[in-house]
Amino acid sequence: MPGAGSRRAVALHLAVIAVLFALNFILPEYHRGIFSRVMVLAVFAMGYNILFGYTGLLSLGHAMFFAAGLYGAGLPLYHLGWGVPESFVVGLACGVVLSAAVGVLALRTTGVAFMIVTMMFSQVFYLATLYFTTYTRGEEGLVLPQAARRVELGGVALDLTNPASRYMIALAMFSIVLLATLALVRAPFGRTLVAIRENEERMRMLGYDVFRAKLSAVILSGLFCAASGAAYALLFGYVGSGFASIQYSILPLLWVLLGGAATTLGPLIGTLFMFYVIDITSAYTSAYLLLVGVALILLILFFPRGLLGSIRERWLPWLP
């Protein structure tokens, strides 16, 4: 049956969401905090996966989209006393505007040039956060007041500093982005992106507006990354220049490669894997990055397409 794979994929994604929901009532507070952070950052990785995994565009500048959401949500709340919903919307808007502007310029290049251009834009954004220290406080960053991180939705008061509320909000955002990504990659637009990744010239010859499709992918990717950044600022109460550094452009690439590029659940698996490898190894030695490097090398040797990508290739071809 042609729809059997689709039904299994939807059931799998709903099952993952259900498991994550149940973990909120099972996990101890320390691990629940890790999972909250992982789900927020997995959205960042999913945004990166739209551009890199499905469209085939390697970017080293996605930290600026994450940081645009981070600062877009954090600064109005900190300096202007705005509420959480308004600040979150501003964060999303900043990510969309920035990704559209960067996309229009960067997509004039291809390949390595695209990677370098996005990295240069990201570095400009990073330096701007250091220059305007009056508002951003640079590397020191801003700690958002706890009193401002409360919101009332539908008559229900939510305290974003509460671990349980933080976990459920992170899960809600993760679930929305995950299901949206699943719908996207199975829609004609998602298949167009994959076709562009495989053979851009053929798609152009067939009459597709390749530039428009790639720009849409950049904007959508920027939107997801900005949502992650805005949520991170509001849920964890910190905004700093470190999130705009080159390291935060490399991390989502690493998470996507580990979990499996062009897989919907790969970004979650990669992010979770990296968090726990670092957490476990750092408890035993100060040279934990060496052990992390060895673990990554072994992973690449045995799972060259990432964890979920290799599983799909070998055993479960219906995985999206």
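Mentor: We will look at ring pairs, then a cluster, and then a cavity. Please keep in mind that this is a predicted model.

Trainee: How is a pair of aromatic rings described?

Mentor: Two values are used, namely the distance between the ring centres and the angle between the ring planes. In this structure a search of the whole model finds 13 aromatic pairs. One of them joins Tyr 48 and Phe 52, a tilted pair with 5.8 Å from centre to centre and 35 degrees between the planes.

Trainee: Where do Tyr 48 and Phe 52 lie in helix α2?

Mentor: They are 4 residues apart in that helix, which spans residues 29-54, so about one helical turn separates them. Both Tyr 48 and Phe 52 are buried.

Trainee: What kind of pair do Phe 243 and Tyr 248 form?

Mentor: Their planes stand at 75 degrees, with the centres 5.0 Å apart, and the pair is therefore edge-to-face. Phe 243 counts as buried because its relative accessibility is 8%, and Tyr 248, at 14%, counts as buried too.

Trainee: Which residues form the aromatic cluster?

Mentor: Phe 243 and Tyr 248 belong to one cluster together with Phe 44, Phe 66, Tyr 232, Phe 236, Tyr 238 and Trp 255. Over the ring of Phe 236 sits the charged end of Arg 37, 4.3 Å from the ring centre.

Trainee: What lines the largest cavity?

Mentor: The lining, which includes Leu 51, His 62, Phe 114 and Val 218, divides into 5 nonpolar, 4 polar and no charged residues. The space inside is about 40 Å³.

Key:
Residues are numbered from 1 along each chain as its sequence is written. This is a predicted model: local features need pLDDT of at least 70, side-chain atom pairs count only at pLDDT 80 or more; totals for chains, interfaces and linings use all residues. Side-chain values use heavy atoms; hydrogens and water are left out. On a 1 Å grid over the protein atoms alone, a cavity is a set of points where a 1.4 Å probe fits but cannot get out, and a pocket is an open set with protein on both sides within 12 Å along at least five of seven lines; lining residues have an atom within 4 Å of a point. Grid points are joined across faces, edges and corners, and a volume is the space filled by probe spheres set on the points. Ala, Val, Leu, Ile, Met, Phe, Trp, Tyr, Cys and Pro count as nonpolar, Asp, Glu, Lys and Arg as charged, and the others, Gly among them, as polar. Rings of Phe, Tyr and Trp (its six-membered ring) pair if their centres lie within 6.5 Å; planes under 30 degrees apart count as stacked, over 60 as edge-to-face and the rest as tilted. Helices (H or I, at least four residues) and strands (E, at least two) are DSSP runs, numbered from the N terminus. Buried means under 20% relative accessible area, exposed over 50%, partly exposed in between (1.4 Å probe, protein chains only). A charge sits over a ring if NZ of Lys or CZ of Arg is within 6 Å of the ring centre and within 35 degrees of the ring normal.
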